[in-house]
Structures are given as structure tokens and as C-alpha cells.
Amino acid sequence: MTTDTSSPRQLTARRVLAKVPEITLVFWVLKLLSTGIGEVISDYAGSVSTTYGAIVITVGFVLVMWLQLRQPEYRAAYYWAAVLAVAVFGTMVADGIHGDIGFGYAVTTPMFALITALIFLWWYRSEGTLSIHTIDTPRRERFYWAAVFATFALGTAAGDFTATTLNLGYLASILLFAGVICIPAIGWWRFNMNPIFGFWFAYVITRPLGASFSDWFSKPASITGLGLGNGTVAWMGMVVFIPIVAWVAITKLDIQPGRGPHPHEHRDVEHAAAHGAPVLAPDAE
């Protein structure tokens, strides 16, 4: 704890640093939608043109991430556009390693699990925490997005592994991952599971769960799908995804308490500065 002589305006700006939303039911709904949409958009682009699809997806990913990283705080439209871009790009990378290089899902699933674990280890050794409530410096945000990308690629490989390599099919995979995602929910609720571990556990599982849903809707009946098509399912998902993102962007209901531009925060900082009260210094990058 230190005494800061910055102006109230500077203090307010420094406190408004959170780059991720509050974890609510809306967060999980949008996360599941983004995973499913990302799966079918990547598949659709690959079916039109593998080369041009990869170029468009990569350029879009780089552009959206550049815009997100430039934001000074969490802004719903930029954040969820970045999540969707990671979903599409992560799917393309995981499928490309399988289809173009020839690695089976039995290889890519543990490979991406190892990469994910190494990113978490590096992040923890560097910052001392994996909590998303501390994503308030550029370095922590870079760790966060690296972890998000790794979990998306892992989830893609895991979902395809159960559906195709293990021959469970898409509907059985949905039921499997729906059961698995209950583990962190029950563990946190009844058995005092570490909330950070529980969050990332659930975050990883939402990827194969959402992707299995979208594959079940989009893929042909010959491979246990309903045959609606990748393009149709992508549009169906976007029709739901975009209004929800617009709603949270307008209402700001998912801004983390005490870190977003809430109406009383500026007044509270002014009061503290006027009375010489100490304020918490922001974490050093």
C-alpha cells in the first residue's frame, strides 16, 4: 500500500484496467456460443478454400487481437470479437495439424494439453496467480490470451478425439462433456474446489462441449450429425451471439465490480485524494 499523489482523473484511469468481464451466466453462454460458432466458421472456410480460408482467418485473428490489446479496459464488443476470432483460429490450427500434417487426435489432444499446462505454469511463475480478476497489465493480458488460444485448440482436438477417434459420435460427446463440466461446478459449490482451478477446468471443457453441439447440428447424418450445414449453423449462432454481446456492451452488466467505469468510482477516488488517503498502487507489469 502506497500513497499516490496523482490527480483524481489519473487515479480513476489507472483503476479502470480490467480487460476481461465478470464471470456470470452470460459469460458462460457467450463462451459456449463462441466455441460452437468458431468450429463451424473454420470448417466452412476450409470447405470453400483451404488456402484462402486460412488467409482470411489469420488476418482477421491478427486484426481483432490487435484491436483488443489496444483497449485500455474491458469493452464487450472488442473482447467477444477477440474470443470468437481465437475460436475460429484455434480450430483452424488444431484441424490443420491433424489434416495437413497428419497427426492423429490421440497425439494432438495430449500435445495441446501439455502446451496449455506449460502456459499456465509460465504465467503462474511470472505473476503468482492465474486469476482472471488480475488481468490488469499488458503482460498478464498476453498470458491470458495465450492460455485462451491453447484451451481452444485443446478443446477442438479433444472434441474430435471423442467423436471420431473413439467413435462416440457428436451426441454422445455432448453428453460426455456436459457431465465433465459438472465436476468443477459441483466441486466449487459443495467441496471448496479452488475457484481459479475450477474456472479454468470449466473453461477448457466448454470448448469441446460447444464444438460438439455445433458439429452435431451441422455435420451430415452419415457421421452422426443432423446435416444442417456449417454455414447455416454459423448464422444461427451469430443471430444469438451478436444481440447478447450488444446487450452487455450497452448495459455494462458484466464489468468487474470496482474496476469498470461505474458511476460512483470517480467520486470515491476524488474523496480519497482530497483527504490524503492512501490508495492501492497498480500491479507492476
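Me: Is Phe89 buried or exposed in this model?
Reply: The model is predicted, with local features needing pLDDT of at least 70 and side-chain atom pairs counting only at pLDDT 80 or more, while totals for chains, interfaces and linings use all residues. Residues are numbered from 1 along each chain as its sequence is written, and side-chain values use heavy atoms, with hydrogens and water left out. Burial is judged by relative accessible area, with under 20% called buried, over 50% exposed and anything in between partly exposed (1.4 Å probe, protein chains only). Because Phe89 has a relative accessible area of 15%, the residue is buried.

Me: What is the angle between the ring planes of Phe61 and Phe89?
Reply: Rings of Phe, Tyr and Trp (for Trp, the six-membered ring) pair if their centres lie within 6.5 Å, and planes under 30 degrees apart count as stacked, over 60 as edge-to-face and the rest as tilted. The count by this rule is 23 aromatic pairs. Among them, Phe61 and Phe89 are stacked, with 4.2 Å centre to centre and a plane angle of 5°.

Me: How many residues apart in sequence are the parts that the pair of Phe61 and Phe89 ties together?
Reply: Helices are DSSP runs of H or I with at least four residues, numbered from the N terminus. Phe61, which counts as buried because its relative accessibility is 18%, lies in helix α3 (residues 50-70), and Phe89 lies in helix α4 (residues 76-101), so the parts tied together are apart by 28 residues.

Me: Over the ring of which residue does the charged end of Lys31 sit?
Reply: A charge sits over a ring if NZ of Lys or CZ of Arg is within 6 Å of the ring centre and within 35 degrees of the ring normal. Arg190 lies over the face of Trp189, at 5.0 Å from the ring centre. The charged end of Lys31 lies 4.2 Å from the centre of a ring, that of Tyr203.

Me: With the side chain of which residue does the side chain of Asp215 make a polar contact?
Reply: Asp215 lies in helix α8 (residues 195-218) and, because its relative accessibility is 2%, counts as buried. Residues up to four places away in sequence aside, Asp215 touches Glu39, Asp43, Asp160, Tyr170 and Gly225, where contact means heavy atoms within 4.5 Å. A polar contact is a pair of N or O atoms within 3.5 Å; within protein, one must be able to donate a hydrogen and the other to accept it, and residues adjacent in sequence count only if both atoms are side-chain atoms. The side chain of Asp215 makes one, at 2.8 Å, with the side chain of Lys219.

Me: What separates the C-alpha atoms of Tyr78 and Ala249?
Reply: Tyr78 lies in helix α4 and counts as partly exposed because its relative accessibility is 35%. Although Tyr78 and Ala249 are 171 residues apart along the chain, the separation of their C-alpha atoms is 9.6 Å.

Methods
Helix = DSSP H or I, 4+ residues; strand = E, 2+ residues; numbered from the N terminus.
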